[in-house]
Amino acid sequence: METKQEIEKQKQYIEKVKQINKGSNLKYYILTMGCQLNENDSEKLCGIVEQMGYEQIDNYQEADLVLFNTCCVRENAEDKLFGKLGELKRIKEKRGTIIAIGGCMMQEQHITDKIHESYPYTDIIFGTHTLHKFPEDLYKTLESKKKMQDVIDIEGEVYEGLPIKRMSNIKASVTIMYGCNNFCTYCIVPYVRGRERSRHPKDILEEVEQLAKEGYKEITLLGQNVNSYLRSEQWKENGTEYKGINSFATLLRAINEIEGIERIRFISPHPKDFTDDVIEAIAESEKVCKLIHLPLQSGSTNVLKTMNRKYTKEQYLELVEKMKKRIPNLTLSTDIIVGFAGETEEDFEDTLEVVKQVCFEQVYMFIYSRRVGTPGDKMTNQIPEDIKHKRFDRLKELVESQIADNNQKYVKTIQKVLVEGPSKNNSELLTGRTESNKVVIFEGEPQLKDKIIDIEIVSEHMWYLKGKHIN
Ligand code: SAH
Ligand code: SF4
Ligand code: F3S
């Protein structure tokens, strides 16, 4: 297989860079923007550079290699990247730091043009389809001192076998599919991540089994549209099924059987692909957390249509009802975009109505950000910024009041909490998460870390719950 040979070749480059770096005690800094898929990519980048002999530090002033893994789903990430690049100029002049930028934003020509023009001291630019070639790019830069641009615009492949350095030793992300075929009109992701392609079930099962052996308890399955797993053309060419896995539902069931794993989460499913077999699999798999992320984007059928979401307000609400009926103790979280082109006051009120009706556990709210190259950007009926902001504030107010009410329901209940370790704000206390992903803070022995324990909730606060460990 070509992809296998390619990875073998890259492993040789890892060795070559390791030889060059031998004895030099080199340091790297990485900044990751964007979603959990990008974080998972960064874990692979860290795995690669650590095998090359670099050691991670958390300030770029003293780094020999600076890596930026970028996102372009909304505008603000661009300002952040250019700000950092500006600051790096002086450091680069002083230390000769190698600057490498990868990720989604690098798939955009206007961005790479700007980097060449305004930040010409950048050494390596790589895209989402060439992450696996980072060892080769870095080797060539070190050898020839030449700048590298390694961005290609293709449908995409699946590469297995890169090293990985996990951020946690208890929770792990496992990407199950890459790319997206949905082309929601506001969204840049399909243009920068290529077409949908699923990993082979065998590779996923082996990865999760390995994680279970290493003591991981919680697995989050990642993809832009996880419930269309194995539906792409690429799979139809590849084969029929593996150990009974031929869909997202059967994958969930198979992972549920893996001993040692105690919690399974997944993001993001698409409402249009939320078929009954997936609902059944969630209901019947005890390890699958009953907090489901179900992106709404808008509660208005008109806006959903212009967004190309392929469901109506009513279909979304029917799906929620069906899920609530079949899955006891179901809670839901969602993503909402405010102020998409053409959104009227009435449309926005539809969104508020759906939020009121569903009563989400958590709502991730975004102000619509025009993305170059998407159909949404070309729409002529854009909403003025001040109206977008006012609507956003109204939605935020509603969501916060719902969260406050909802938190009351937890008080005096007993929750299973996966203990993550000392709390960031008070190291005397421990922190962990409920199955519904609420942060819980409580007193306890440090040895409780990595365990799932019973906690009685004693009080609620906007963004966390306080609890008491019960034996
Ligand atoms: N594939 C996932 C989400 C990917 S992006 C899904 O479909 O749910 C994460 C979230 O960012 C989206 O759900 C959407 O709410 C938001 N988003 C995407 N493009 C955006 C844009 N142009 N402006 C504002 N928010 C956007
Ligand atoms: Fe973007 Fe839509 Fe694909 Fe999600 S499903 S990544 S929002 S195009
Ligand atoms: Fe951003 Fe790319 Fe994820 S655009 S949200 S990092 S897929």
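Helix 1 passes helix 5 in a left-handed crossing, meaning that the near helix is turned anticlockwise from the far one by less than a right angle. The model is predicted, with local features needing pLDDT of at least 70 and side-chain atom pairs pLDDT 80 or more, while totals for chains, interfaces and linings use all residues. Residues are numbered from 1 along each chain as its sequence is written, ligands are numbered from 1 in written order and chains lettered from A, and side-chain values use heavy atoms, without hydrogens or water.

Two packed helices are described by the angle between their axes and the distance between the axes. Helix 1 (residues 2-21) and helix 5 (residues 134-144) pack at about 35°, with axes 8 Å apart. Helices here are DSSP runs of H or I with at least four residues; strands are runs of E with at least two. Axes are lines fitted to C-alpha atoms over the stretch in contact, and angles run from 0 to 180 degrees between N-to-C directions.

Ligand 1 has 15 residues around it (a heavy atom within 4 Å); R74, Q224, Q297, D335 and S369 come nearest. Strand 13 (331-338) and strand 14 (362-367) each supply at least two residues of this shell. A backbone N or O atom of Y186 lies 3.0 Å from a nitrogen atom of ligand 1.

Methods. A polar contact is a pair of N or O atoms within 3.5 Å; within protein, one must be able to donate a hydrogen and the other to accept it, and residues adjacent in sequence count only if both atoms are side-chain atoms.
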